[in-house]
Amino acid sequence: MDKLVKPSAYNAKFTIPSSKSYMQRAVALAILADGKTILNNPDRSNDSNAALKIAQNLGCEVVEKNETIEIERKYNIKNTSISVGEAGLGLRLFTPVCSLWGQNIKISGEGSLVSRPMNFMIKPLENLGVNLKTNNGFIPFELSGKLTGGIVEVDGSESSQFLTGLLTALPLADKDSTIVVKNLKSIPYVEMTLDIIKKFGGQIENQNYQIFKIKGNQHYTGIEYAVEGDWSSVSAHLVAGATAGRAEIYGLNPASLQADKAILWVLANCGAHIEIDTQKIVVTKSCLNAFRFDATNSPDLFPVLAALAAQCNGTSIIKGVSRLAHKESNRATAIRDEYAKIGIEIILDNDLMYIKGGKIKGGKTSSHNDHRMAMSLAISGLNANGIIEISDAQSVAKSYPSFWDDFEKSIV
């Protein structure tokens, strides 16, 4: 699907969808919990729907009732062949979770996930009692053996998502465990994981995000849990408000642990006008100046930050390029190449991205089948001097199926 974005003013007013990051974590814990879990305000992105399907395959009863989803563990696996879709978090989270069953389970995926290396998961899982057979370090996976616990070292330099999977699964292992983490990035996502594990009754000792001590033979208990609004999704609309008009967004938690809440700090520092109360967040257009931001802990913000920087006076500098190689696209080169097509100069220098603000021109662009690239280019089209065409615009369904509806109804 292609989308055409014309130069337009922007006036958004709606409730943002729920966080797929919290939703997937909640589904994983519901699968492992005793009793019934009720998820209020559930997310229905492709990634979250894949998680719900996994819950069903692993023997859970999943029932939708109005604006809630009920998940109840039934213990008997229905299907030992599961798919995580294109969800990187799903793969790294549900692989340790599935290994608790001690059965032969095949885990597959699709899209860009097929080409994302996962060999860093093999040795830690082997040390914990699991045999992980891969396709030369890529999916599909074949699991055998059982996650029994133990002492393991994890490299956190590429992603915190595998650590999230281990933290979620190991409290239910037979033995106590210690995870030693080197070079951890995206600490806010680990904070999210620890927060929701605690809500389900799990206990983990965290020693400065370097050592995690986990007692085995714990039990999770099903709870009623409200999935909070998604700061990753809302960032696109807030930037659109700051650059092209106004965005009034409901459903956000200003005290959220989500890493991408940092978008507010960036907007404030480049001069956007921001109003925050307990009900809503409002961002309105103003004169914007270049910013400098370390996105190492929030790499998903890179595409939308590129759209913001393109419309700031001066050259913005974003750190954390090394985190972008194995996303839905190679986001660093995708951002550079697509913005070059619409007149914006971007230079990549080791871990830094330099973006020179300027006049955006119309042109044909590609999302690289990357949901965040599609949103970024859509925002930029609001202030272009011509029409911007975006190919594979349907990619937004991975995280935000209603993005185009929300975006187009906000154009005035």
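**Figure 1. Salt bridge between D406 and K409 in the predicted model.** In this predicted model, the side chains of D406 and K409 form a salt bridge with an N to O distance of 3.5 Å. Because the two residues lie 3 positions apart in helix α12 (residues 403-409), about one helical turn separates them. D406 is buried, at 8% relative accessibility, whereas K409 is exposed, at 55%.

Figure 2. The side chains of D300 and R331 meet at 3.2 Å, N to O. Salt bridges with shared partners join D300, R331, D370 and R372 into one network.

**Figure 3. Helix α9.** Helix α9 comprises residues 302-309 and is mostly covered, 8 of its 8 residues being buried. These buried residues are F302, P303, V304, L305, A306, A307, L308 and A309.

**Figure 4. Salt bridge between R44 and E64.** The closest N and O atoms of R44 and E64 are 2.7 Å apart, and the two residues form a salt bridge. R44 is in the loop between β3 (36-40) and α2, while E64 is in strand β4; the pair therefore ties together parts that are 20 residues apart in sequence. R44 is partly exposed, at 34% relative accessibility.

**Figure 5. Helix α2 and its surroundings.** D47 is buried at 3% relative accessibility and touches K20, Q24, E86, A87 and K398, leaving aside residues up to four places away in sequence. After the helix comes G59, with a positive phi near 100 degrees.

**Figure 6. Strand β9 and its two antiparallel partners.** Strand β7 (residues 105-108) is joined to strand β9 (residues 138-145) by 3 bridges, and the two run antiparallel. Strand β8 (residues 130-135) also runs antiparallel to β9, with 5 bridges between them. L143 of β9 is the bridge partner of I105 and stands opposite L132. The hairpin of β8 and β9 has 2 residues between the strands, and N136 takes a positive phi near 55 degrees there.

Technical notes
Residues numbered from 1 in each chain as written. Predicted model: local features only at pLDDT ≥ 70, side-chain atom pairs only at ≥ 80, totals over all residues. Heavy atoms only, no water. Buried < 20%, exposed > 50% of the residue type's maximum accessible area, 1.4 Å probe, protein only. Contact = heavy atoms within 4.5 Å. Pairing = 2+ DSSP bridges. Helix = DSSP H or I, 4+ residues; strand = E, 2+ residues; numbered from the N terminus. Salt bridge = Lys/Arg side-chain N within 4 Å of Asp/Glu carboxyl O.
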